[in-house]
Amino acid sequence: MASVALTHLDPASRAAARGWSDLTIRNMFIIPTLVFLIVFNIFPLIYSLGYSFTNFAANRSEPWQFVGLQNYRELLTDDHIWSNFVITAKYVIVSVAGQMIVGFGLALLLNRSFPMKGLITTLLLLPMMMSAAVVGLFWQLLYSPSWGPINYVFGLGDFAWLSNPDSALYAVAITDIWMWSPFVMLLSLAGLSAVPQHLYEAAAIDRASWWYTFTRITLPLVSPILLIALIFRTMEAFKTFDIAYTMTTQPTAELIAIRLYKQAFQQWDTGKSCALAYIVLIMVLAITNLYVKYLNKVKER
Amino acid sequence: MAAVRTSSEVALNRIAIVAVLIATLIFLAPIYWIASTAFKPKELAVSVPPTVLFEPEVTPFVRLFTKRVQMQKTVDPQVYEAAPWWEKRIYDGGERVLKVGKDVQLSQYPDRFMNSLIVAVISTVLAVGMGTFTAYGFSRFKIAGEADLLFFILSTRMLPPVVVAIPMFLMYRAVGLNDSHIGLIILYVAFNLSFSVWLMKGFMDEIPKEYEEAALVDGYTRMQAFFKIVLPEAATGIAATAVFCFITAWNEYAFALIMTNRRAQTAPPFIPSQIGSGLPDWTTIAAGTFLFLLPVAIFTFLLRNHLLRGVTFGAIRK
């Protein structure tokens, strides 16, 4: 009898009648993840928001006091913090611009068929799969003023890349460009391969110049994906910690994340570092929002 | 493309291919330098001019795995003759392998490597497991505010690790999870989960709903359909996601630096800490780095077809 009645229902409802309902399954599948993320991401942030209004120091047992907005006021008027932000901005601009140029350039070169293309593309992706801390460590040897291969190859004598205040930040940026250009290359290649071939054929029939084809067909069609690469890399470069931290101790290369680390775990200025973390967080969220906005735009196409 | 190519086009193509080869060599040079330094005799690592061609040896790897002491005087010829080949290598370098009784003392590297392995594997299994279920939920059922929830999940990955690390450090200290495997695993699961959900949702969306519906008609429950039909279909996606999560956890530095110092320390903070002051032994550091990079290099080759999706959270399909 029951089976006769069930055949009138759609498959999902019939399955539900045999086991858990879809609603139960949905909740079972989704809620644990959401709870986990709230407990280990959102809750700590609320916790640190509380601390950001205190003069709490994690290495002392003295009672802490509520200081209101004092931490924020001090941070926002601190010239050192501003110089850390300026250094970070410089770093983001140099390294992201470098990655976009090198990465897109490589993609343009690779966007044709030739033997061993797959192997070469994969080899080019290796740098970005490595641990940034270990990469940073090893580039110290490459940059070494006395026996580093870089100075030898380029005939730079004993130029001290990492201990020279003027060059330390750029030396880190070069390493970052080496590491992450492949990412831009990968995205650009996907964008380039999606350009319809018939557009190029039409341009060839019209005897359009290479430059004309590039600026009128290739660039406009690849630009959405380049934009994604740009936002993605900007966000990551803004957060950079490991690569710079293992490469140099120069104050001129002290990115905001390194400053934050030192304030929290070397000076043990916990309350203030929580406040700084919040300032950084708001900036990252602003970039993230940009990213998601453009991502949705591109997806709609 | 037009079937007939002008000679200038052919020439341009050749130039481009040569340029690609040169660029590839430049990009791979630093990796070659790491790999080659790992097989160099100690004095060649810091030679001027830098050595490109040399007779490879495995002494740096022996040094990586054994504790050594600098020798005060020349070694007793009898002891030298009795020593195994790898100890002789160390003797030749003016060092002696440290022993307690007959046992060779291991350096800390094997421990740190194991810690990396334990933390990366367990956190990957958990992140991919939870991510697969959640992605299925998002892919197949109607959820109020789905876009907002997915954005929330993604946003957890956008936070700079140092920002999350400060409160987590305090909380871990309060409950005694500092310098423990479990503490690090929890952090890496939290870090990788968003990625796992986004990537798996992309793979789930591509499995036709009709497959499960057919199974439901055949009398399967929804859970049976999920385990017997959907999961096997998603196997490649799960494997790709797992490798990405593994690589991220394997390479992670900031959390490991802050949350561990001895017992649960992983290799990324350990390798740089070996530099110390004075003249670092680059061959041993290179050997440690080389071993550490090896799994990632292998996975990169296995993953090459999924790379684009992986690095963009599955937002872009190839």
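Predicted model: local features only at pLDDT ≥ 70, side-chain atom pairs only at ≥ 80, totals over all residues.
**Entry 1: fold of chain A**

I began with the secondary structure. I counted 14 helices and 0 strands in chain A. Read from the N terminus, the order is α-α-α-α-α-α-α-α-α-α-α-α-α-α.

**Entry 2: dimensions of chain A**

Next I looked up the overall extent. Along the principal axes, the C-alpha atoms of chain A fill a box of roughly 85 × 70 × 35 Å. I then checked the radius of gyration. Chain A has 26 Å, whereas a compact globule of 301 residues would come out near 19 Å.

**Entry 3: burial, contacts and surface**

I asked what share of chain A is buried. The figure is 52% of the 301 residues. For contacts in chain A with a separation of 6 or more, I found that 69% join residues 24 or more positions apart.

**Entry 4: charges**

I went on to the backbone angles. Most residues other than glycine have a negative phi.

I placed Arg207(A) in the loop between α10 (197-205) and α11 (210-239) of chain A. Is Arg207(A) buried or exposed? Its relative accessibility is 75%, and the cut-off for exposed is over 50%, so Arg207(A) counts as exposed.

I found Trp268(A) in the loop between α13 (256-265) and α14 (270-300) of chain A. Its relative accessible area is 22%, so I logged Trp268(A) as partly exposed. Buried would require under 20%.

**Entry 5: Glu212(B)**

I turned to chain B for one residue. Glu212(B) sits in helix α10, residues 209-217, of chain B. Its relative accessibility is 1%, so Glu212(B) counts as buried.

Which residues does Glu212(B) touch, not counting those up to four places away in sequence? I listed Tyr136(B), Arg140(B), Arg222(B), Ala225(B), Ile229(B) and Val230(B). Two arginines, Arg140(B) and Arg222(B), are among them.

Conventions: Residues numbered from 1 in each chain as written. Chains lettered and ligands numbered in written order. Heavy atoms only, no water. Helix = DSSP H or I, 4+ residues; strand = E, 2+ residues; numbered from the N terminus. Buried < 20%, exposed > 50% of the residue type's maximum accessible area, 1.4 Å probe, protein only. Rg over C-alpha atoms; globule rule 2.2 N^0.38 Å. Contact = heavy atoms within 4.5 Å.
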